[in-house]
Amino acid sequence: FYNYRQMTKALPFFVSAIEKIEQTDPSEIIFPAASYTKIGFYMGTIGDYKEAINYLKKAIQFTDENSVEFATISDNLGAYYLKIGDIKNAKYFIEKASKAAKVNRYKVRYAKTLGNLALLEERDKNFSGAIKLVLEDIQISEENQSNQNTMYAYTLLARLYIANNESDKAKEAIKKADAIAKSKSYFK
């Protein structure tokens with residue numbers, strides 16, 4: 001249910017998992033990093049960013065710094081810190097994720113970190129810098145056939161073009177995002 005964006009149907013499973021995981025010593029959990037990560041991602045998806053951060057910080061304790069999982073968790077930690085306005089931690093974790101993704105040659109995750117770095121640039125009103133990062137994100141995502149990330153990046157690009165008074169480019173970007181969204185019902 002979570003993977004197909006059916007959050008309401010997924011809720012009972014996550015409530016049960018949270019209840020059980022909170023009553024279990026981490027040393028007794030078979031896959032603690034994966035378990036905490038999945039709960040953290042779900043909490044972030046439903047907008048409970050503080051709980052998402054709580055679970056992802058637990059997950060990262062069980063994750064090798066040189067792994068793809070570390071890059072994924074760090075990037076999401078950064079994104080959630082950004083959502084709650086903690087820019088210092090957002091930047092720290094996104095940059096850490098970007099370096100780990102690049103070292104591990106995890107191209108799609110690296111692209112996602114570029115998108116998150118663009119959000120930091122957007123916050124600072126550096127729209128041209130943000131646009132440059134998102135264009136690189138899109139190029140990598142398209143090359144690696146990551147449709148969902150490409151769709152998200154085009155949506156972000158459209159917003160950045162609007163902020164940068166480039167409405168014609170924004171229209172083109174949103175058309176590309178829309179075409180991807182229509183390709184899969186769960187992208188909408």
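Buried means under 20% relative accessible area, whereas exposed means over 50%, with partly exposed in between. The model discussed here is predicted.

Q: Is alanine 100 buried or exposed, and what is its relative accessible area?
A: Alanine 100 belongs to helix H5. The cut-off for burial is a relative accessible area under 20%. Alanine 100 falls in the buried class because its relative accessible area is 9%.

Q: Leaving aside neighbours within four places in sequence, with which residues is alanine 100 in contact?
A: Alanine 100 is one of the buried residues of H5, a set that also includes Phe93 and Ala97. The buried residues of H5 pack against H4 and helix H6 (107-123). Once neighbours within four places in sequence are set aside, the contacts of alanine 100 are Glu65, Phe70 and Ala71.

Q: What span from first to last C-alpha does helix H5 reach?
A: Helix H5 runs over residues 87-103 and has 17 residues. At 1.5 Å a residue the expected span is 24 Å, and the model comes close to this, with H5 reaching 24 Å.

Q: Leaving aside neighbours within four places in sequence, which residues does threonine 72 contact?
A: Threonine 72 is found in helix H4 (residues 68-83), and its relative accessible area of 14% places it among the buried residues. With neighbours within four places in sequence left aside, threonine 72 is in contact with Phe41, Tyr106 and Arg109.

Q: Why does the salt bridge of arginine 159 and glutamate 122 tie together parts of the chain, and how many residues apart are they in sequence?
A: The side chains of arginine 159 and glutamate 122 meet in a salt bridge, at 2.7 Å from N to O. Because arginine 159 lies in helix H8 and glutamate 122 in helix H6, the pair ties together parts whose separation in sequence is 37 residues.

Q: About how many helical turns separate glutamate 172 and lysine 175?
A: The side chains of glutamate 172 and lysine 175 meet in a salt bridge, at 3.7 Å from N to O. Both residues lie in helix H9 (residues 167-183), and because they are three residues apart there, their separation is about one helical turn.

Key:
Residues are numbered from 1 along each chain as its sequence is written. This is a predicted model: local features need pLDDT of at least 70, side-chain atom pairs count only at pLDDT 80 or more; totals for chains, interfaces and linings use all residues. Side-chain values use heavy atoms; hydrogens and water are left out. Helices (H or I, at least four residues) and strands (E, at least two) are DSSP runs, numbered from the N terminus. Buried means under 20% relative accessible area, exposed over 50%, partly exposed in between (1.4 Å probe, protein chains only). Contact means heavy atoms within 4.5 Å. The expected span of a helix is 1.5 Å times one less than its number of residues. A salt bridge is a side-chain nitrogen of Lys or Arg within 4 Å of a carboxyl oxygen of Asp or Glu.
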